[in-house]
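Here's a quick briefing to read alongside the model.

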Amino acid sequence: GDVGELNRAMADAQADGKADVVTFNTAIKGHLQKGDVKSARKVLLTMREARLKPNAVTFNEFIAAVATKTGRVDWALIDEMVSCGLRPNKVTCSILLKSLLPSTPAKDVERTMTTLREMEDKMDEVLLSSFCEACIRTRRSDCLVPELRRQKGATAVPVRSAHTFGSLIRAHGFVNDLEGAWSYWHEMKKRQMLLTNVTLGCMIEALVT
């Protein structure tokens with residue numbers, strides 16, 4: 001849609017006292033989808049001036065848009081999120097993990113791992129897969145080994161998808177634990193799961209790493 005129309009609609013909603021958190025979030029998302037972070041920031045400021053509290057959706061939209069546009073996380077947004085009494089959740093951490101690259105500064109990797117440990121939600125298998133892949137990209141076996149160990153205990157994240165099995169197989173290969181890689185391979189066969197080309201590729205990678 002047209003940005004001018006969006007701004008007029010927002011002005012009308014505010015004038016009528018109808019603008020709530022959802023309204024502001026929708027406007028913010030509209031600006032961010034056009035890559036206009038500056039205008040989205042102005043909407044956020046107006047939202048806070050109206051004494052409406054941004055929620056996790058608000059900040060996750062910002063964090064994802066900035067990471068996509070710049071290739072890195074704006075940690076000031078995470079700080080602002082926390083200052084609003086919000087804790088990063090699974091969506092936030094997924095964005096942070098996907099932004100980690102081999103060139104990411106060590107301090108940003110550390111902060112991502114700390115945020116992951118302190119997040120509001122429990123880890124699920126989608127986030128576990130993203131975590132494994134991020135650790136492999138940044139070559140952080142020191143972060144990966146404890147999580148792989150936890151996966152063998154009572155607090156393991158339930159795994160049901162072939163994609164996550166593939167990530168775990170890759171992860172075990174990366175830390176030179178072929179026994180662990182084979183254990184997930186055999187578990188997949190035991191469950192009669194479809195061995196996809198991706199899963200097969202992960203196993204071959206683990207064997208040749």
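Let's start at Tyr 184, which is buried at a relative accessible area of 9% (buried is under 20%, exposed over 50%, partly exposed in between, with a 1.4 Å probe and protein chains only). Bear in mind that this is a predicted model, where local features need pLDDT of at least 70, side-chain atom pairs count only at pLDDT 80 or more, and totals for chains, interfaces and linings use all residues. Residues are numbered from 1 along each chain as its sequence is written, and side-chain values use heavy atoms, with hydrogens and water left out.

**Aromatic pairs**

- Searching the whole structure turns up two aromatic pairs; rings of Phe, Tyr and Trp (its six-membered ring) pair if their centres lie within 6.5 Å, and planes under 30 degrees apart are stacked, over 60 edge-to-face and the rest tilted.
- Phe 165 and Tyr 184 make an edge-to-face pair, because their ring planes are at 70 degrees, with the centres 6.0 Å apart.
- That pair links distant parts of the chain, 19 residues apart: Phe 165 belongs to helix 10 (residues 162-174) and Tyr 184 to helix 11 (residues 178-190). Helices here are DSSP runs (H or I, at least four residues), numbered from the N terminus.
- Phe 165 is buried too, with a relative accessible area of 1%.
- Trp 182 and Trp 185 have ring centres 6.5 Å apart and planes at 90 degrees, so this pair is edge-to-face.
- Those two Trp residues are three residues apart in helix 11, so about one helical turn separates them.
- Trp 182 is partly exposed at 34% relative accessible area, whereas Trp 185 is buried at 11%.

**Charges over rings**

- Tyr 184 comes up again here: the charged end of Lys 152 sits over its ring, 4.3 Å from the centre. The cut-offs are NZ of Lys or CZ of Arg within 6 Å of the ring centre and within 35 degrees of the ring normal.
- Arg 41 has its charged end over the ring of Phe 62, 5.6 Å from the ring centre.

**Helix 2 against helix 4**

- Helix 2 (residues 21-33) and helix 4 pack at about 5 degrees with axes 10 Å apart; axes are lines fitted to C-alpha atoms, for helices over the stretch in contact, with angles from 0 to 180 degrees between N-to-C directions.
- The two helices are therefore roughly parallel (that label covers angles under 35 degrees).
- Asn 25, Ile 28, Lys 29 and Leu 32 on helix 2 meet Val 57, Thr 58, Glu 61, Phe 62 and Ala 65 on helix 4.
- By type, the residues of this contact are five nonpolar, two polar and two charged.

**Lys 69**

- Lys 69 lies in helix 4 (residues 56-70) and is exposed, at 56% relative accessibility.

**Positive phi**

- Most residues other than glycine have a negative phi.
- Asn 176 has a positive phi near 60 degrees; this residue is in the loop between helix 10 and helix 11 and is exposed at 62% relative accessibility.
- Gln 192 also isn't a glycine, yet has a positive phi of about 55 degrees. You'll find Gln 192 in the loop between helix 11 and helix 12 (197-208), exposed at 74% relative accessibility.

Note on methods. Parallel < 35°, antiparallel > 145°, perpendicular 65-115°, else oblique. Contact = heavy atoms within 4.5 Å. Nonpolar A, V, L, I, M, F, W, Y, C, P; charged D, E, K, R; others polar.
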